[in-house]
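I opened the model and kept brief notes on what I looked up. The entries follow.

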Amino acid sequence: MTSYRKVGSIKNLEIVSVCNLACPYCPARLQGEHREVGLMTDEVFDRSMYWLSRFVKAGTQRELNLFGVGEPLLHPKVVQFAAAARRIIPGYLSARGVTLRMNTNGILLTEQILRDLFSAGIDCIDLTDHDAETSMKAVRILREVTGQPLPSQALGTKWGYSRDAITNPNNWGGLIDWTPSVQYERYICPWLSGGCVMFMSNGDVTRCCQDAFSRGVLGTVWDEIDQVDHTPFIQCRTCHEDVPPGMPPWKPLSETNPHLIYPEERKEQIRRTVESSAAIEGVRVPKIKEKEKI
Ligand code: SF4
Ligand code: SF4
């Protein structure tokens, strides 16, 4: 039987959890009803860097994406954050290299910010296409700055391009209704098999980037998160990715990690550390309706 893996890698660091678009195939427009959303604070980011450093030293850190469910270029410190992460992780061309990448919808991409991001140590920018005009402008900038004429997913390339909502659609583990289930491309969940997690903008640590509504939180950046078993949660039952064969199925967190606590005071601490998104231009955030932890 495949046993649980301990948390050992930050796959996504969600520096922003709001977006300047509201795509119908994405839960970003709804997640503010379910969790605290906004910009990651310095306090949460610094603690995330502590864990990044621990995971790199342990040899368990894989690719790091400065992206969660939201648009990272909305963060005024995105370049500074990229540089800080780069100082910790070895270059992707070294023996233990880790690729530092970032997804964007391209709306805020300029030649200057792109040059700054590459100078800060970003290896690759992944442009996701949601609008032809925006993407065309972004592609032109990416070509000019990188000298790479075409997008690529190969290691060592500077930019990629995707239109996943059309070519590789899914329903975000059942959070939204976008595509018939027959269109799902199924594969073994790399989060569960690799001990990979998403550090959320408010300091929560959750199982994967599908968890836009914060139902799969394993702990926080202030917990001993490397001692936590990465386990399936309720959303895995409706996800397009498969729980690794033989891994024990979903159980309540209290059964798989009985030492974990999530007291009210901690929730309040987290709530205070997320910066208000009210001041972010062009972003509307709904009020939280409920808070559900499973
Ligand atoms: S741009 Fe990306 S993060 Fe924003 S709503 Fe669309 S799919 Fe979601
Ligand atoms: S199988 Fe579970 S942990 Fe893996 S991506 Fe789906 S919801 Fe997330």
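I noted that the shell around ligand 2 divides into eight nonpolar, three polar and two charged residues. This is a predicted model. I counted 13 residues around ligand 2. The closest are Cys-189, Cys-208, Cys-236, Cys-239 and Glu-241.

Next I turned to ligand 1. Its surroundings include Cys-19, Cys-23 and Cys-26. Leu-21, Ala-22, Ala-28 and Val-69 also surround ligand 1. I listed Gly-70, Glu-71, Asn-105, Thr-128 and His-130 there as well. By class, the shell of ligand 1 has seven nonpolar, four polar and one charged residue.

Then I checked helices H2 (residues 78-88) and H3 (residues 111-120). Their axes come within 8 Å and cross at roughly 20°. An angle under 35 degrees counts as roughly parallel, so H2 and H3 are roughly parallel to each other. I recorded their crossing as right-handed. From H2, Val-79, Ala-82, Ala-83 and Arg-86 meet Asp-116, Leu-117 and Ala-120 of H3. This contact has five nonpolar, no polar and two charged residues.

Last, I looked up Leu-127. Leu-127 sits in strand E5 (residues 124-128). Is Leu-127 buried or exposed? I found 22 C-beta neighbours inside 10 Å, so Leu-127 counts as buried; the cut-off is 20 or more. Leaving out residues up to four places away in sequence, Leu-127 touches Thr-104, Gly-106, Ser-135, Ala-138, Val-139, Leu-142, Trp-159 and Tyr-161. I also checked Leu-109, 18 residues from Leu-127 in sequence. The C-alpha atoms of Leu-127 and Leu-109 are 9.8 Å apart.

Definitions and conventions: Residues are numbered from 1 along each chain as its sequence is written. Chains are lettered from A and ligands numbered from 1 in the order in which they are written. This is a predicted model: local features need pLDDT of at least 70, side-chain atom pairs count only at pLDDT 80 or more; totals for chains, interfaces and linings use all residues. A residue is near a molecule or strand if its C-beta atom, placed from the backbone, lies within 6 Å of it. Ala, Val, Leu, Ile, Met, Phe, Trp, Tyr, Cys and Pro count as nonpolar, Asp, Glu, Lys and Arg as charged, and the others, Gly among them, as polar. Axes are lines fitted to C-alpha atoms, for helices over the stretch in contact, and angles run from 0 to 180 degrees between N-to-C directions. Helices (H or I, at least four residues) and strands (E, at least two) are DSSP runs, numbered from the N terminus. Angles under 35 degrees count as roughly parallel, over 145 as roughly antiparallel, 65 to 115 as roughly perpendicular and the rest as oblique. A crossing is left-handed if the near helix is turned anticlockwise from the far one by less than a right angle, and right-handed if clockwise. Two residues are in contact if their C-beta atoms, placed from the backbone, lie within 7 Å. A residue is buried if 20 or more other C-beta atoms lie within 10 Å of its own, exposed if 12 or fewer, and partly exposed in between; C-beta atoms are placed from the backbone.
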